[in-house]
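Please open the structure in your viewer and keep the selection panel at hand. The stops below say what to select next and what is there.

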Amino acid sequence: MDALELRVEEITEDEEFYIKVNDDKSQTYEIQVIKEPSYTYQVEKVFPNYINQKPEILKKLNITDAAQGTELKWTITSSSKVKAMEVRIGEEEKLDAKISDDGKTITFSKKADKAFNYSFLWTEGQSGKDFQYVDVQNSIKVIEDALPEIQLIRPSSDGLATIKKNLNINFRGTDDYGLGKAHLIYAVKRDEAKSDGESEIVRKEIHNFEGNSSGSHTFSWKVADDIDELKAGDQISYQIEVQDLFPGEKKHIRQSVTRKISIVTPERYLQWYRSELASQQDEIKRARDSEETASTEVKQLRQQESEEK
């Protein structure tokens, strides 16, 4: 008995057909088209506690980035019943999404610790045939928490001081998500030290940014209250250290430039102070003279322009 084979492609709607040979006609058959469901997506970003930011809900699938440690929660609504959905993450990881009782709501979640690609393998549940569909691949880029920044604004240079010095330290910190505590780091090199005779480094908490992403602060440091037996010839090196709120094993810490103050006698300090004051006055005078010269030249140019007219 000869067999007849006919291939019909790209059927998009249900169809009926029969076979007719001469006067013979077969029974009518029905082709049922199982359409791929349509979906709507919602992705919730639940940020780590240290970021101090409310969850963010996106009404699309193609989110491209997430802060490190963010919990991503997908909610997918299907137009028809879904039997199962496998989430394929990278080359090896797979997880089964949770399907609601009516088969139309699909949920799953994953923490964004590192970048990953993912796609879906759908199994439809409408026809009873368990047809499967492979979805396109999507990507998540993880934004790692950056180190904080710290700027020591004042003092802007090294200087001299007496043992009664009250040093005003002004600094500014910034971070991508939130700052924690700031510390004053200092060490003393005694006059009698013949080599690297610095004391043990000391950390003193001087401010708490309390999660703010940026801020400035001035700390008034009465040096003698923290360093015993200061005397002329001693040298103090200091800097500001700031830490953000990142909870990982490796703490995110950044230190400012190092400044130094040399302890001198009151007589030597007064001499240095007068010299610095005179230098600043000379600089102001030069700036004033320069401004007067420029003003005179502008007047001359205007007068010349007037005469030419």
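Begin by selecting Thr123, which sits in strand β13, residues 116-124; strands here are DSSP runs of E with at least two residues, and helices are runs of H or I with at least four residues, numbered from the N terminus. This is a predicted model, in which local features need pLDDT of at least 70 and side-chain atom pairs count only at pLDDT 80 or more, while totals for chains, interfaces and linings use all residues. Residues are numbered from 1 along each chain as its sequence is written, and side-chain values use heavy atoms, with hydrogens and water left out.

Is Thr123 buried or exposed? Thr123 counts as buried because its relative accessibility is 10%, where buried means under 20% relative accessible area, exposed over 50% and partly exposed in between, with a 1.4 Å probe and protein chains only. Now display what surrounds Thr123: leaving aside neighbours within four places in sequence, Thr123 is in contact with Val82, Lys83, Ala84, Asp130, Phe131 and Gln132 (contact means heavy atoms within 4.5 Å). With Gln132, the side chain of Thr123 makes a side-chain polar contact at 3.2 Å; such a contact is a pair of N or O atoms within 3.5 Å, where within protein one must be able to donate a hydrogen and the other to accept it, and residues adjacent in sequence count only if both atoms are side-chain atoms.

Next, select Asp130 and Lys83, whose side chains meet in a salt bridge (2.9 Å, N to O), that is, a side-chain nitrogen of Lys or Arg within 4 Å of a carboxyl oxygen of Asp or Glu. Asp130 lies in the loop between β13 and β14 (132-134) and Lys83 in strand β9 (residues 82-89), so the pair ties together parts that are 47 residues apart in sequence. Asp130 counts as partly exposed, at 33% relative accessibility.

A search of the whole structure finds nine salt bridges, and another to select is Lys45 with Asp65 (3.8 Å, N to O). Lys45 belongs to strand β5 (residues 39-46) and Asp65 to strand β7 (residues 65-67), so this pair ties together parts 20 residues apart in sequence. Lys45 is buried at 8% relative accessibility, whereas Asp65 is partly exposed at 31%.

Finally, select the three strands that form an open sheet in the order β16-β18-β21, with antiparallel pairing. β16 (149-154) and β21 (214-222) stand at the edges with a single partner strand each, so one side of each is left without a neighbour in the sheet. Strand β18 (residues 166-174) and β21 pair over nine bridges, pairing being counted if DSSP finds at least two bridges between two strands. Thr174 stands opposite Ser214 in β21.
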